[in-house]
Every structure is written in C-alpha cells, then in structure tokens.
Amino acid sequence: WVSTQSTGVSTQSTGRYHPQRMPSYECPNAAAEIRRVVAANLRPYNHGDFHCHYMSDPVTFVLPYEILSFGSSTQKCLFDEILDNEAQRVLEESRIVNWDVELVTKHSSKLYALWNRSAGDCLLDSALQATWGVNDRDGSLRKALSNTLVHAQDKLYSRWKEYEYMHAANLQYTLNDTQWSTTWKKLVKLAEQPGKSLEQAHIFCLAHVLRRPVIVYGIKYVHNSTGEILDYARF
C-alpha cells in the first residue's frame, strides 16, 4: 500500500465537499482498540547500546481479496472512499507504481495510494495504515519515533551527519559543528510536535522502530480537494 495526504473529495454530481470514509473512521471502536494494541506493541529496547523503541509484532494491512469479486461500480464506490485518486493517477502515469502488467493483471498485485490526514502527520499515518490499517491519531508512533531520536542519538546522529556531509560535499558546501548540531536539534524537535512535517532522517529512524524498510513513492506536488497545487511534496 502507498499512503499519501489529501483533504477530501468533491462529489462529481453536486461539486460539494465530503470527507472520505476510511475503515478506521467508520468503525471507531475497533480502530480505538487497534490503536491500544499498537501502543502496547511499541516497546523500548534497553539491551545493548542502541536504545530504540520498536514494534514487537510487525503486521501488514490489506483489503479483502473478495473486493475484486464485486461489480465495477461497487469497487469504484469503495475505492473512491479510501484512495487518493489524484495521487494514484500521478504515480501510475509516471510509472512509479503498478507498471508491471504481468504483476497487475495475472497476479492481482497492485499498490494503492491510501487517503490519510493532511499536514505533517501523513508519514506516520501512512506507516500505520500500511501495517495496522489505522492512522496515528493518538500519537503513539510519533512518540516512539521522538523517543528513539533522543535515546539513540549517539548512534543515529553520526549516521545522519555522515550522509548529510556527503550530500553537502556534492553540492560544494559544508557546515561547521555548531550548524550540524543545530540542524539535528531541529529534527528532534519536529518529531516531538504533532502536526509537524517530517523529513528523511525521520524515515530512517522510523524504519528502525517498525523493524522493516520504509519505501516512499513520492508525488511532486500536494493537491487540495479540487485538484489545485498547494505546495511541493518534499519527498
């Protein structure tokens, strides 16, 4: 699954706005219970010298295969409620996802762009939607990410600095130690604040928390519910 950000959809018949209805929105009690399980599964790792919070039971969220047995109009109705159709279109037309005809047609293996909350929560929502089928409304995953950046700083900072140093050298500039330290502190601060957008360093840390690779299939621009460009996606 690919998760992106959007703000909703407009109905084609009336042009009126209505929020999309994700499964976790339609079943709030079940979603709340899943979030409690997620919070219980995010545990601190205190053995050794890498103090990383981690997900103890990695899982993957999928929609029931039986959806494909529904009629095309029913499938469209379901997908319109849970997908970011504009992001889906851009990713497929750019041949970023679902470009292998054999996988899509013969094996029914396809990536979909799930709708999630806008603003800076989209990365964490995407990660939880792709694994547990809910978004990070209670901030459990953000808290685990933030705590890991703080408690495992001695390991993560050096690797982040090494990568950024090579990137800066390719662009023919450099930073002094104070500037490196200031930039890192800003990244840690971003992770602490709900709604704040996250960056590449946070993805690297998140992969350790989830104990699995995190692959970002990015669109170039973020659109609003009417399809207008709001800003660069920055991924």
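The dialogue below goes through several features of one predicted model.

User: What should I know about this model before reading it, and how many helices and strands does the chain have?

Analyst: This is a predicted model, in which local features need pLDDT of at least 70 and side-chain atom pairs count only at pLDDT 80 or more, while totals for chains, interfaces and linings use all residues. Residues are numbered from 1 along each chain as its sequence is written, and side-chain values use heavy atoms, with hydrogens and water left out. Helices (H or I, at least four residues) and strands (E, at least two) are DSSP runs numbered from the N terminus, and this chain has 10 helices and eight strands.

User: How do I read burial, and what share of the residues count as buried?

Analyst: A residue is buried under 20% relative accessible area, exposed over 50%, and partly exposed in between, with a 1.4 Å probe and protein chains only. Of the 235 residues in this chain, 35% count as buried. One of the strands, S7 (residues 221–223), holds Val222, and Val222 counts as buried because its relative accessibility is 12%. The C-alpha atoms of Val222 and Glu86 are separated by 9.7 Å, although these residues lie 136 apart along the chain.

User: How is a helix pair described, and at what angle do H6 and H10 cross?

Analyst: Axes are lines fitted to C-alpha atoms, for helices over the stretch in contact, and angles run from 0 to 180 degrees between N-to-C directions. The axes of H6 (residues 122–131) and H10 (residues 200–210) come within 12 Å and cross at roughly 25°. Angles under 35 degrees count as roughly parallel, over 145 as roughly antiparallel, 65 to 115 as roughly perpendicular and the rest as oblique, so H6 and H10 are roughly parallel to each other. The contact is formed by Leu123, Leu124 and Ala127 from H6, together with Ile203, Leu206 and Leu210 from H10. Ala, Val, Leu, Ile, Met, Phe, Trp, Tyr, Cys and Pro count as nonpolar, Asp, Glu, Lys and Arg as charged, and the others, Gly among them, as polar; by these classes, the contact of H6 with H10 has six nonpolar, no polar and no charged residues.

User: At what angle do H8 and H9 cross, and which classes of residue does their contact have?

Analyst: The axes of H8 (residues 153–170) and H9 (residues 177–192) come within 11 Å, crossing at roughly 115°. Residues of this contact include Trp160 and Lys161 of H8 and Trp180 and Asp177 of H9, and by class the contact has seven nonpolar, three polar and three charged residues.

User: Which residues other than glycine have a positive phi, such as Asn98 and Gln172, and where are they found?

Analyst: Asn98 has a phi near 55° and is found in the loop between H4 (85–93) and H5 (101–105), where its relative accessibility of 22% makes it count as partly exposed. Gln172 has a positive phi of about 65° and lies in the loop between H8 and H9; at 75% relative accessibility, Gln172 counts as exposed.

Terms used:
Contact means heavy atoms within 4.5 Å.
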